[in-house]
Protein chains: 2
Amino acid sequence: MSTLDEFALIRLLTEGKQSPAFERTHGISTGIGDDAAVANVTAGYQLVMTCDTMAETVHFKNITMRSSDIGYKAMAAAVSDIAAMGARPRYALVALSFPAGTPAERLAQIYEGLYECAHKYDVVVAGGDTTASASGITITVAVIGEVEAGKALLRSTAGPGDVLVATGWLGCSAAGLDYLLSRAEAAESWPQQWHAYESLVRAHCRPEPQVEAGLLLQQSGACTALNDVSDGLASEAWEIAEASGVGIDLIEERIPVAHELLTYAQKADKSPLDYILFGGEDYQLVGTMRAEHAIAMQMKFKEAGLRLYIIGYVHEQAQGVRLVQIDGNVVPIEKKGYHHF
Amino acid sequence: MSTLDEFALIRLLTEGKQSPAFERTHGISTGIGDDAAVANVTAGYQLVMTCDTMAETVHFKNITMRSSDIGYKAMAAAVSDIAAMGARPRYALVALSFPAGTPAERLAQIYEGLYECAHKYDVVVAGGDTTASASGITITVAVIGEVEAGKALLRSTAGPGDVLVATGWLGCSAAGLDYLLSRAEAAESWPQQWHAYESLVRAHCRPEPQVEAGLLLQQSGACTALNDVSDGLASEAWEIAEASGVGIDLIEERIPVAHELLTYAQKADKSPLDYILFGGEDYQLVGTMRAEHAIAMQMKFKEAGLRLYIIGYVHEQAQGVRLVQIDGNVVPIEKKGYHHF
């Protein structure tokens, strides 16, 4: 950045993206431009805080994501952690590092995607930091949300007799990534609309954190534990099982499979179930609730235009996570997930 | 990271560093280990939020900082932004990215420094993210603090007739950096105690954010504007001047110069004033207050074991920032600072 100083860059990236009126009605007293942001918390609520990092070549390459997708997804991943607590995201801080010589246009596009996601989920970008890096773009988004005191949904509170639920299709993001890697086409040359696997590419590049579903689960009082699917269903089910000291059986025939996932997996000679269990970054929610509440919750979700699938059961015995296959066989599921290491 | 999965790494870095009792008494309901942390805010207080990034080769190299210094300083820099609002830091989120093959010992040392600083300033490390990077270590620390509603100290509220104050020596960090670069000795070979320029090295590697001073200024009601010195006195004075629509005169003979800064500058044939004006990362506070309060505040600071120097005056005319030299000449000061670009 030889031609643009830090303040000019911050103006380029953030100016005009959020109106003072928007900030004011969303609880901000002091936004971007001072040493730190100042904001309100609703009386009787607790803070819910998380951060998520995406690094070039590790989490994205120029054949797997457009610049705007990088910003969108970094925000979405952090928002999803807040959703997984049954909380409402409110404020975000954004730390962006980039090598000297990165075109300002690329940085501006990253921020456009970032703000697009922030607006969708009613989040105020309240501050951040822009710095140089030796190589590669790294973006960290911290999101601060709030939840009625004592009402956050943990992963350690599932109990025997609960059912396991999921808020949408799983495995699509990992399949989308495989598809993009197999095409190996620079993002600048991507078509506006994909003829094939549009939903898989979208799941990978523009995931939809399930804030509304998380709030519905939290406010219902029926949900006993909740996680978001960042590392695949197997890993998330294991996390709930271990944290809660229970066993979880996934029922294969109950797990929904997206049509395009099925089609792509057949063509690529892969198993859709592998994507679902061990793929990552779907940012759907997986949780548990007392069985007697499940049908009523499904109705509530339907009324709200959301989906809720019952995909498994929680057992008293700590037998880990198992899969009840369509033929009735029960097989243990490995505690592996999609880790970026 | 082939031998350690993410959860094992998080345990290595964080386990045993903060007791459950410490977390509980510091407002944490759910700490590290769930999707997000859950914590309390004091009733009637507002959030104060910031984040700060340090990237390898840009902000630190192996000849300028030990691993533990990296963690310490990343936390200190973010805490300093909270101090600059007259607020109390409470919670931190830490995002660490590192290349495959980084020794776990190095990561552990970074976290040791991080926790050392957190404990010093009574901050709970409430969560974070660890990811791989293509090259180089990047660390982002977000700090969430709180301040009595409506009492945050901004930089846009200085007025004519105010004096400019500083909470300590400036320029030492930049001089320390120059000294370390001139020695070019790998941090692992550094002496336990430096024979020369100990205070300069310390100012660079282990800065002391002025939380107590910031709170004292905020609670006094006398302070009209406040900044922390991350980019040098010139840059910070310019920020206050521009944001507040005032002019600021720095009085050269009033600006305190640390003894070791003077010695080092003489030896290196540099100007101490250059370090003070255009060096960075001192993390002292620079602020303004009504002249009639200044002496009483100095007494209060003295009682608290803190320092407060009156180093300039605020004018109505928007003539920018000027230096009143010891010989009485008045010269304009450039709006440049220590930017990492």
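Modeller: Helices (H or I, at least four residues) and strands (E, at least two) are DSSP runs, numbered from the N terminus. In this structure, which is a predicted model, A:Gly128 lies in strand 5 (residues 124-133) of chain A, and A:Asp81 belongs to helix 3 (residues 67-83) of chain A. Local features need pLDDT of at least 70 and side-chain atom pairs count only at pLDDT 80 or more, while totals for chains, interfaces and linings use all residues. Side-chain values use heavy atoms, with hydrogens and water left out, residues are numbered from 1 along each chain as its sequence is written, and chains are lettered from A and ligands numbered from 1 in the order in which they are written.

Colleague: How many residues does each chain bring to the contact, and what area do chain B and chain A bury between them?

Modeller: The size of an interface is often given as the accessible area lost when the parts come together. Buried area is that loss (1.4 Å probe), summed over both parts, and contact means heavy atoms within 4.5 Å. Here chain B and chain A bury about 4900 Å² between them, 60% of it on carbon and sulfur atoms, with 61 residues from chain B and 61 residues from chain A in the contact.

Colleague: What is the count of salt bridges between chain B and chain A?

Modeller: A salt bridge is a side-chain nitrogen of Lys or Arg within 4 Å of a carboxyl oxygen of Asp or Glu. The count between chain B and chain A is 4, and B:Arg155 forms a salt bridge with A:Asp34, with the closest N and O atoms 3.7 Å apart. On the side of chain B that touches chain A, strand 3 (residues 45-55) of chain B gives the largest share, 9 residues.

Colleague: In which sense does strand 3 of chain B pair with strand 2 of chain A?

Modeller: Two strands pair if DSSP finds at least two bridges between them. Strand 2 (residues 37-39) of chain A pairs with strand 3 of chain B in the antiparallel sense, over 3 bridges, and B:Met49 is the bridge partner of A:Ala37.

Colleague: Which residues does the UniProt annotation "binding site" cover, A:Asp81 being one of them?

Modeller: UniProt positions are given in the numbering used here, feature names are shortened, and annotations may be inferred rather than shown by experiment. The unreviewed UniProt entry places "binding site" on A:Asp35, A:Asp81 and A:Asp228. These residues span 194 residues in sequence and the farthest two C-alpha atoms are 32.6 Å apart, so they do not all gather at one spot.

Methods. Buried area = accessible area lost by both parts, 1.4 Å probe.
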